[in-house]
Amino acid sequence: MTEEVGEMKNVRRLLRTLALSAAGVAAMAHAQPPATTSAPAAAPSLPQYVRQAPKGAPNIVLVLLDDVGFGATSTFGGPAQTTTLDRLARDGLRYNRFHTTAICSPTRASLLTGRNPHATGIGSVMNSADGRPGYSGFQGKDTATIARILRENGYATGAFGKWHQTPDWELSQAGPFDRWPTGEGFDTFYGFQGGETDQFNPTLYQGTTPVMRPAGDNYHLTEDLAARAADWVHTIGSSAPGQPFFLYFAPGGIHAPIQVPKEWIDKYRGKFDQGWDKMREEIFARQKKLGVIPANTKLTPRPAEMPTWDSLTPEQKRFSSRLMESYAAFLAHTDAQVGKLVDELKANGQFDNTLFIYVVGDNGASAEGGLEGSLDYMGRLTGVSPSPDAKSFARIDEIGGPSTYAHVNSAWAWASDTPFQWTKTVASHLGGTRNGMVLSWPNRIEQKGGIRSQFGHVNDIVPTILEVTGIPTPAEVDGVRQKPMNGVSLAYSFNDPKARERHTTQYFEVFGNRAIYHDGWMASAFHGRYPWMAYAPRERPLEEDEWELYDLRTDFSQSNDLAAKNPKKLEELKALFMTEAAANQLLPLGGQVLDKGRLPDPTGGRRAADYRQGDIGVPEVSLPRLFSRSWTMRATIDATPGARGVVAALGGTDSGMALYLDGEGRPKFTYRLYDVKTVDLVGPAPLSSGKHSIQVDFDYAGGGFGKGGTLKMTVDDQPIASDTIPANPVFFSIHETFGVGLDTGAPVGSYPADAPLGYPISRAKVDKVTIRTR
């Protein structure tokens with residue numbers, strides 16, 4: 001009873017308190033505030049909590065293919081059936097005077113920032129960065145990406161595919177990650193970092209974390225990327241209805257290696273038996289019929305350095321034809337995956353208000369497969385692999401599959417750039433820089449199926465996006481004053497095919513190959529490095545280069561050199577090039593600079609390094625350098641019965657090395673030297689329970705640059721096996737990584753058929769792996 005009385009008192013006390021509070025509130029409501037009292041603060045408005053895009057702003061889809069020539073797609077007269085590009089062109093516009101930088105990383109930097117590539121610091125492909133500010137590969141914060149700008153203005157942002165804009169010394173899991181996609185404005189990233197990757201077993205990252213590709217048969221990277229990108233678009237629509245998105249889709253197709261499902265190759269059997277000379281004539285005729293080139297265009301001649309088709313032997317012709325069949329299939333397959341994005345947009349009703357920008361290549365077609373084509377193009381490019389021979393010809397049915405790293409003959413690439421001169425890396429000529437582009441936006445483009453011939457450049461894409469979204473160009477981003485945009489919005493051309501072009505001046509430069517465009521004229525200087533060579537055999541002085549002059553107003557294909565007839569105009573343009581060079585960090589000019597200068601060394605200067613189980617995604621460039629020197633790799637492991645799996649692996653199926661316990665538990669070391677030789681050193685018996693050491697030594701033969709040597713394996717300091725290799729490559733790959741306990745990416749070793757992806761170590765623990773150079 002006492003407790004109940006106490007409880008009632010508490011209730012009455014609470015009611016009195018509430019009544020007094022209510023009376024006080026009422027009195028305050030009727031009282032006049034003092035004259036010095038400011039008005040009460042308003043409740044926070046929604047924009048303080050949610051970034052909102054301009055009303056009605058379109059979605060943006062930006063697709064960038066890799067290494068596709070102007071004349072490769074059916075949309076621009078080529079032999080590959082690009083049905084997605086065709087249907088987008090029917091609904092939108094084809095741009096036939098659109099330009100890239102002639103090489104990968106600079107194009108991507110310019111595309112995503114609206115600036116000239118050297119102005120961003122990425123004036124060269126990342127693998128060839130050097131100490132000059134414009135070529136360092138280090139993008140400054142004063143050239144923010146369009147993803148960064150759109151995200152701050154209410155857009156969801158996602159990147160899927162190739163990046164290749166992070167400097168070597170920031171590629172490891174130590175970071176920093178400022179120049180990874182998620183550090184450059186993308187909410188999500190799924191793709192790869194290097195210039196290329198294996199399409200069947202890629203080196204992948206989710207955000208900044210190394211991941212294995214999904215398990216299962218019949219995997220292909222481009223299919224995976226498209227499925228994830230489409231899912232992301234669907235998720236944005238269901239999770240945040242009405243929020244616009246920016247999707248950057250940059251698959252590896254059709255950069256080497258040529259790898260595509262066999263059924264796609266079968267569609268092109270026999271389609272290229274006529275050879276590259278005839279194919280080029282066929283493309284040229286179709287281009288005129290389609291109207292993607294003027295009727296008076298001239299077909300430029302084949303470079304004297306490239307062989308005629310008729311000069312090949314029957315075996316060489318069959319081999320080369322199969323390479324091109326796979327190449328066309330790879331392009332058609334890649335385009336079909338882009339179609340999945342279009343289908344998703346149409347299915348959810350977002351296609352009509354989506355600006356869909358489809359840039360067909362980050363440069364001209366790649367001639368890096370060599371004059372004779374190759375099953376392992378990187379070995380051929382670096383001079384390790386010999387010319388294709390009877391052994392190569394016998395493997396013709398493997399082309400396009402996971403066991404080859406194939407690439408087409410240089411002349412096929414040249415033919416894919418019809419009607420222009422040269423190919424990828426040759427920034428002086430349109431074969432390196434002219435790429436097709438298709439742009440679709442049903443809500444705003446009135447003339448369906450039109451062709452636009454105003455001069456355009458990849459740096460025009462960001463200004464175009466900003467204009468159509470109604471977002472002003474920011475003067476500052478994160479407190480950093482921004483460099484001015486170099487590009488010009490293309491929106492003026494959407495509904496006016498005869499509008500006067502607004503992008504009137506543009507320079508080009510890669511490896512010393514250089515050009516300047518101004519008011520319809522172009523001056524060009526080829527610096528001498530053939531595009532099928534990894535390195536120029538001789539760096540000639542720039543002043544020895546011969547300049548050419550073209551009037552592109554009447555000479556669409558850059559076929560009529562007017563330098564001798566109009567020397568005054570040529571000198572004007574050469575002077576203008578130097579002005580642009582000074583303004584965009586091209587100086588000091590050079591050719592292919594192999595000296596890294598004062599750039600950070602990813603190895604930290606180390607001659608030895610220790611790694612433990614779980615260390616994966618270690619870039620090859622950050623390992624102690626193994627080239628042209630002796631080295632040792634020593635692993636200590638603790639094994640139990642049935643132990644198997646990867647101890648350490650570097651590289652991939654094309655070239656690399658792996659130390660592992662095979663299906664029987666025996667220690668095994670595999671060294672793949674491209675298509676030249678594979679060494680397998682195998683122990684006689686499985687490891688017993690307990691601690692063991694396994695060591696591999698490479699004794700460099702010396703006597704020259706990149707020579708071979710002897711590989712020896714010891715187990716518990718007892719010699720087991722040895723073999724020789726004829727060469728020591730500069731690197732195994734430009735995308736594969738090193739890992740302990742797992743082989744990420746394409747498999748190096750001949751692992752058991754029932755092994756899980758990456759053949760992870762099991763029933764054993766890798767205590768330490770030490771790599772030391774001697």
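Predicted model: local features only at pLDDT ≥ 70, side-chain atom pairs only at ≥ 80, totals over all residues.

User: Which residue meets the side chain of Arg-666 in a salt bridge?

Analyst: The partner is Asp-662, with an N to O distance of 2.9 Å. Asp-662 has a relative accessible area of 7% and therefore counts as buried.

User: How many salt bridges does a search of the whole structure find?

Analyst: The search returns 42 salt bridges. Arg-148 is buried, its relative accessible area being 13%, whereas Glu-152 is partly exposed at 38%. In helix 15, Glu-571 and Lys-574 are 3 residues apart, again about one turn, and their side chains form a salt bridge of 3.4 Å, N to O. Here Glu-571 is partly exposed at 45% relative accessibility, and Lys-574 is partly exposed at 26%.

User: Which residues are linked in a network of salt bridges?

Analyst: The network links Lys-262, Asp-266, Arg-269, Arg-322, Glu-325 and Asp-397.

User: Let us turn to strands. How do the strands of a sheet pair?

Analyst: They pair through backbone hydrogen bonds, in either the parallel or the antiparallel sense.

User: Is strand 7 mostly covered or uncovered?

Analyst: Strand 7 is mostly covered, with 6 of its 6 residues buried. The general idea is that side chains in a regular strand alternate between the two faces of the sheet. In strand 7, Phe-245, Leu-247 and Phe-249 are on one side, while Phe-246, Tyr-248 and Ala-250 are on the other, and all are buried.

User: Which members of the largest nonpolar core touch the most other members?

Analyst: In this core of 94 residues, they are Phe-245, Leu-247, Phe-249, Phe-356 and Tyr-358. Helix 9 (residues 314-347) supplies the largest share of the core, 13 residues. Returning to Phe-245, its contacts beyond four places in sequence include Ile-60, Val-61, Tyr-155, Ala-156, Trp-232 and Leu-345.

User: What is the strand order of the open sheet of 4 strands?

Analyst: The order is 14-15-16-17, and the pairing is antiparallel. Strand 14 (505-510) and strand 17 (547-551) are the edge strands, each pairing on one side only. From one strand to the next, the twist averages 10°. Strand 16 (residues 521-525) is joined to strand 17 by 5 bridges, and Ala-523 stands opposite Leu-549 in strand 17.

User: Which helix packs on the sheet?

Analyst: Helix 15 (residues 567-583) does so, touching strand 14, strand 15 (513-518), strand 16 and strand 17. The direction of helix 15 makes about 105° with that of strand 15.

User: Where does Asp-545 lie, and is Asp-545 buried or exposed?

Analyst: Asp-545 is in the loop between strand 16 and strand 17. Its relative accessible area is 6%, so Asp-545 is buried. The side chain of Asp-545 makes a polar contact of 2.7 Å with the side chain of Arg-514, and another polar contact, of 2.7 Å, joins the side chains of Asp-545 and Arg-540. Beyond four places in sequence, the contacts of Asp-545 also include Gly-512, Ala-525, Phe-526 and His-527.

Notes
Residues numbered from 1 in each chain as written. Heavy atoms only, no water. Core = buried A, V, L, I, M, F, W, Y, C linked by side-chain atoms within 4.5 Å. Buried < 20%, exposed > 50% of the residue type's maximum accessible area, 1.4 Å probe, protein only. Helix = DSSP H or I, 4+ residues; strand = E, 2+ residues; numbered from the N terminus. Contact = heavy atoms within 4.5 Å. Pairing = 2+ DSSP bridges. Axes fitted to C-alpha atoms, helices over the stretch in contact; angles between N-to-C directions. Polar contact = N/O pair within 3.5 Å; in protein donor to acceptor, adjacent residues only side chain to side chain. Salt bridge = Lys/Arg side-chain N within 4 Å of Asp/Glu carboxyl O.
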